[in-house]
Amino acid sequence: MSQLMIVSMLVFFLLTVPVAISIGLASFLGIQVAGINWLVIAQQFYAALDKFPLAAIPFFILAGNLMQAAGISERLVNFAKSLVGNMQGGLACSCVITCMIFAAVAGSSVATTFAVGSILIPAMVKHGYPKPFAASLQATAAELGVIIPPSVPMILFAVATQTDLVDLFIGGILPGFLIAFALVLYVWFYAKRHHVGLQDGHNRFNFWTALNQAKLALLMPVIILGGIYGGIFTPTEASVVAVAYALFIGIFIYRTLNFSILSNAFRNTVISTAIIMFLIANAGLFGFLLNRAGIPNQLGEWLAQVFSDKYTFLLGVNLALFVIGMFIETSASIVVLAPLLLPVAVQFGINPVHFGIIMVVNLALGMITPPFGVNLFAACTVAKLSVDKILKPLLPFVLVSFICLLIITYIPSITLALI
């Protein structure tokens, strides 16, 4: 049964059947072959979705959509430019910093790409940066949206493996800062080497003016993350607070949200949430059938024989996840693979939170690598470029991110220091 399910799922992938449907169809085939009562489908769908932390997903997605619609991203861009815009390459550096701040509430890399990229990609091109470089930078910096908390993939990992969500959120902070710092360092060297960004300080707000304009936007991640880490509310409750705060400042302070904009934001949120929940339901059924067949134990025994210690295990897992991330969407990879790989990682003495961050950071790379990198396509859409035009300038960003991944993998204290 299990072999048929896995092979059929891969065949459906190759036939470009949507991931959630591929997993569901493979599960249905397994049920038919094993002669299991079809009522298990409804039972496992319900069991997969009957988890309180999943309620945070639609609210964080809605908060990100409202931030984008309310014009908060533009204020964050001006603030980031006031910090680093006076140096050569400062505009490119401000792209990374803006994405990092925006990510601290939105929790979505695609939302970050559109919200920030629509402002900064044209600005960078105007200041002499090659358009393919600007698009590559935006796509890569936006992956911070799933690494710096709150993060939808982290919520999915927590639900799939029963790992503490607050610890995962805290564990993502320093890795996110590490990647942001590495990207800033690279774009600064790029600007120096290619003699671009010499006029990045032009039309830059001074720090206090930019801070005054962005103070309410900057207060949002402070309230959300401070409330979670301070024990004032849970991550799920924090998602509701994020929505309430975004609505308040968008309607009553900035006055940029009207009925039409709100309607679009709610509709986009419903669509995104439905896709994720449908995926989780099908993955829950798939995981139940694999567990019933004893696949996790068999996989654990096989990996224990293949890898002699946790260092080679982590290297093997990273290489496998890097390839998988190129072809399978991040959320799907986590809900299917995390329950299988985490027990093996624990056997090798790896902290569950550390392993969760490794998975999220690694699979985030899949968002910027062909053929299915969602950030890549979003950045190309904003920049009005074909994907093949940005592959060459993208390679250094992938290399920088992968080096950061290895550092995070082999220095656990980066993840665990704040927990």
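Let's start with helix α5, residues 72-84, and helix α6, residues 90-106. This is a predicted model, so keep that in mind throughout. The axes of α5 and α6 come within 8 Å. They cross at roughly 130°. That angle makes α5 oblique to α6. And the handedness? The crossing of α5 and α6 is right-handed.

Which residues make this contact? From α5, we have Ser73, Leu76, Val77, Phe79, Ala80, Lys81 and Val84. From α6, the list includes Gly90, Leu91, Cys93 and Ser94. Further along α6, Ile97, Thr98, Ile101 and Phe102 also take part. How does the contact of α5 with α6 divide by class? There are 10 nonpolar, 4 polar and 1 charged residues.

Next pair. Helix α16 covers residues 310-327, and helix α18 covers residues 352-365. Their axes are 8 Å apart, and the helices pack at an angle of about 35°. The crossing of α16 and α18 is right-handed.

Look at the residues that meet here. On the α16 side, find Phe313, Leu314, Val317, Asn318, Leu321, Phe322 and Gly325. On the α18 side, find Phe355, Ile358, Met359, Asn362, Leu363 and Leu365. By class, the contact of α16 with α18 has 10 nonpolar residues, 3 polar and no charged.

Now zoom in on one residue of that contact. Asparagine 318 sits in helix α16. Is asparagine 318 buried or exposed? Its relative accessibility is 0%, so asparagine 318 counts as buried. What does the side chain of asparagine 318 pair with? It makes a polar contact of 3.0 Å with the side chain of threonine 409. Set aside residues up to four places away in sequence, and asparagine 318 touches Ile358, Asn362, Leu405, Leu406 and Thr409. Two of those names, Ile358 and Asn362, are on the α18 side of the helix contact.

Over to helix α18, where we find histidine 354. Histidine 354 has a relative accessible area of 4%. The cut-off for buried is under 20%, so histidine 354 is buried.

Which backbone oxygens does the histidine 354 side chain reach? One belongs to isoleucine 408, at 2.9 Å. Another belongs to threonine 409, and it lies 3.3 Å from a polar atom of the histidine 354 side chain. Leaving aside neighbours within four places in sequence, histidine 354 is in contact with Ile408, Thr409, Pro412, Thr415 and Leu416.

One last link. Threonine 409 joins asparagine 318 through its side chain, and histidine 354 through its backbone oxygen.

How values were computed
Residues are numbered from 1 along each chain as its sequence is written. This is a predicted model: local features need pLDDT of at least 70, side-chain atom pairs count only at pLDDT 80 or more; totals for chains, interfaces and linings use all residues. Side-chain values use heavy atoms; hydrogens and water are left out. Axes are lines fitted to C-alpha atoms, for helices over the stretch in contact, and angles run from 0 to 180 degrees between N-to-C directions. Helices (H or I, at least four residues) and strands (E, at least two) are DSSP runs, numbered from the N terminus. Angles under 35 degrees count as roughly parallel, over 145 as roughly antiparallel, 65 to 115 as roughly perpendicular and the rest as oblique. A crossing is left-handed if the near helix is turned anticlockwise from the far one by less than a right angle, and right-handed if clockwise. Contact means heavy atoms within 4.5 Å. Ala, Val, Leu, Ile, Met, Phe, Trp, Tyr, Cys and Pro count as nonpolar, Asp, Glu, Lys and Arg as charged, and the others, Gly among them, as polar. Buried means under 20% relative accessible area, exposed over 50%, partly exposed in between (1.4 Å probe, protein chains only). A polar contact is a pair of N or O atoms within 3.5 Å; within protein, one must be able to donate a hydrogen and the other to accept it, and residues adjacent in sequence count only if both atoms are side-chain atoms.
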